[in-house]
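This note sets out several points for a colleague working from the model. Please read them alongside the sequence and the structure.

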Amino acid sequence: MNNSFDVNKIRKDFPILEKKINGKPLVYFDNAATTQKPRQVIEKIQQYYTEMNSNIHRAVHTLSKTSTQEYYKVREIIKDFINAEYFEEIIFTRGTTESINMVAQTWGRANLKSGDEVIITEMEHHSNIVPWQMICEEKGAKLRIAPMTDNCELILEEYEKLLTEKTKIVSFTHISNTLGTVNPIKYMIDKAHSVGAKVLLDAAQSVQHKIIDVRALDCDFLAFSGHKIYGPTGIGVLYGKKSILEEMPPYQGGGDMILSVSFEKTEFNYLPFKYEAGTPNIAGTIGLGEALKYVQSIGLDTIDEYETKLLKHAAERLMEVEGLKILGNAKEKASVISFIFDNIHPNDLGSMIDLHGVAIRTGHHCTEPIMRKFNIPGTSRASFSFYNTIEEVDYFIESLKKVVKMLG
Ligand code: PMP
């Protein structure tokens with residue numbers, strides 16, 4: 001681990017962590033839902049609005065040239081962050097959800113036909129289920145589900161059995177937002193390619209914890225959200241291999257995605273603009289660039305190592321809490337722990353622990369099929385970031401014990 005990593009120094013970059021909630025210091029363990037923003041990101045957005053606010057692309061005036069340059073720089077930052085080959089492979093979207101919908105509605109509409117199959121897994125977020133259900137229904141294609149064990153690890157033999165020449169695309173999460181399971185993505189991508197299927201990787205829960213190299217992975221598409229990697233909401237990324245993006249039809253029509261328009265015929269723009277109709281989220285994009293620089297300044301190796309320490313400590317100490325069961329005991333886990341009690345509803349637990357200043361998420365976490373599999377209404381989920389501390393974990397456990405005593 002990077003010797004210069006100093007969590008107390010890092011915490012000073014996040015103004016919200018100074019806040020008191022219900023009179024207690026905030027312990028923010030809802031990082032899988034969204035991460036807090038460092039001062040550097042907040043100040044960059046403020047700087048954008050106070051010093052360079054202007055629409056990008058079309059104007060020749062100075063402000064517009066400045067904002068356009070700042071906006072374009074971010075595409076390069078993202079390209080390097082995920083090791084893409086070309087900047088044209090980076091499409092700005094609203095987030096993971098829009099990125100997946102874009103692939104389903106463009107690539108899917110152009111390539112799926114009756115009898116084809118799309119594979120997802122049993123642990124997907126709704127945003128990696130519903131877009132595929134919608135396009136499969138429209139096209140008469142079949143959605144196949146790769147199952148997992150009771151420990152919440154994918155059953156790879158079952159996944160491989162589903163892969164056939166009918167499989168056109170496989171879309172799965174790198175890390176489960178509910179279970180923390182880390183999937184063997186390289187193996188899964190190679191297996192999908194061996195039957196000629198394309199692969200979309202949902203990196204919403206991984207890009208902030210693990211180094212992602214799209215060229216080494218050889219995934220065809222990758223989706224992530226800015227707000228889960230210390231950037232603003234409303235901005236995200238779709239990576240796609242250039243050759244595939246070039247072939248796909250556009251997503252939305254409008255300004256910027258065209259080269260020329262007449263009432264008879266419209267000529268579409270080059271990549272990446274072909275997929276970016278309308279005025280984009282300029283401030284959000286510039287904020288995301290700053291967030292990625294911030295993460296890089298700490299280093300994902302250091303982040304992963306530190307967060308793994310927090311996760312292990314939390315998993316061990318949770319065992320002290322009477323009646324608690326952890327949902328998801330995969331060998332490879334990252335940053336997320338879900339837990340349940342037979343006799344306590346997660347929402348009651350979440351509200352009570354909030355009185356101690358601890359923010360955790362409760363409910364189905366947009367993964368209702370997982371809840372159905374285990375026949376539970378929801379879980380309580382603690383998820384960690386590099387700005388959390390061992391002391392916070394200990395405080396959380398002590399608070400949890402008190403809450404459980406009251407509710408149990
Ligand atoms: N996939 C996973 C694994 C997620 O955790 C989330 C967000 N919880 C999403 C997709 C959707 O992300 P967003 O809401 O930012 O579009």
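**Notes on two helix pairs and two residues**

1. In α11, the residues Tyr306, Lys309, Leu310, His313, Ala314, Arg317 and Leu318 meet Ile390, Val393, Asp394, Phe396, Ile397, Glu398, Leu400 and Lys401 of α14; contact means heavy atoms within 4.5 Å. By class, this contact of α11 with α14 comprises nine nonpolar, one polar and five charged residues. Ala, Val, Leu, Ile, Met, Phe, Trp, Tyr, Cys and Pro count as nonpolar, Asp, Glu, Lys and Arg as charged, and the others, Gly among them, as polar.

2. The model is predicted: local features need pLDDT of at least 70 and side-chain atom pairs count only at pLDDT 80 or more, whereas totals for chains, interfaces and linings use all residues. Residues are numbered from 1 along each chain as its sequence is written, and side-chain values use heavy atoms, with hydrogens and water left out.

3. α11 and helix α14 (residues 390-407) pack at an angle of about 25°, and their axes are 10 Å apart. Helices (H or I, at least four residues) and strands (E, at least two) are DSSP runs, numbered from the N terminus. Axes are lines fitted to C-alpha atoms, for helices over the stretch in contact, and angles run from 0 to 180 degrees between N-to-C directions.

4. Helix α4 (residues 96-111) packs with helix α5 (residues 130-139) at an angle of about 20°, the axes being 9 Å apart. The helices α4 and α5 are therefore roughly parallel to each other, a term for angles under 35 degrees. Ile100, Asn101, Val103, Ala104, Gln105, Gly108 and Arg109 in α4 meet Pro131, Trp132, Met134, Ile135, Glu138 and Lys139 in α5. Seven nonpolar, three polar and three charged residues make up the contact of α4 with α5.

5. Is Arg381 buried or exposed? Arg381, in strand β17 (residues 379-383), is buried because its relative accessible area is 3%; buried means under 20% relative accessible area, exposed over 50%, partly exposed in between (1.4 Å probe, protein chains only).

6. Glu322 lies in the loop between α11 (300-318) and β13 (325-327) and, at 71% relative accessibility, counts as exposed. Beyond neighbours within four places in sequence, Glu322 is in contact with Phe341 and Val404. Glu322 and Gly408 are 86 residues apart in sequence, yet their C-alpha atoms are 9.4 Å apart in space.

Terms used:
Angles under 35 degrees count as roughly parallel, over 145 as roughly antiparallel, 65 to 115 as roughly perpendicular and the rest as oblique.
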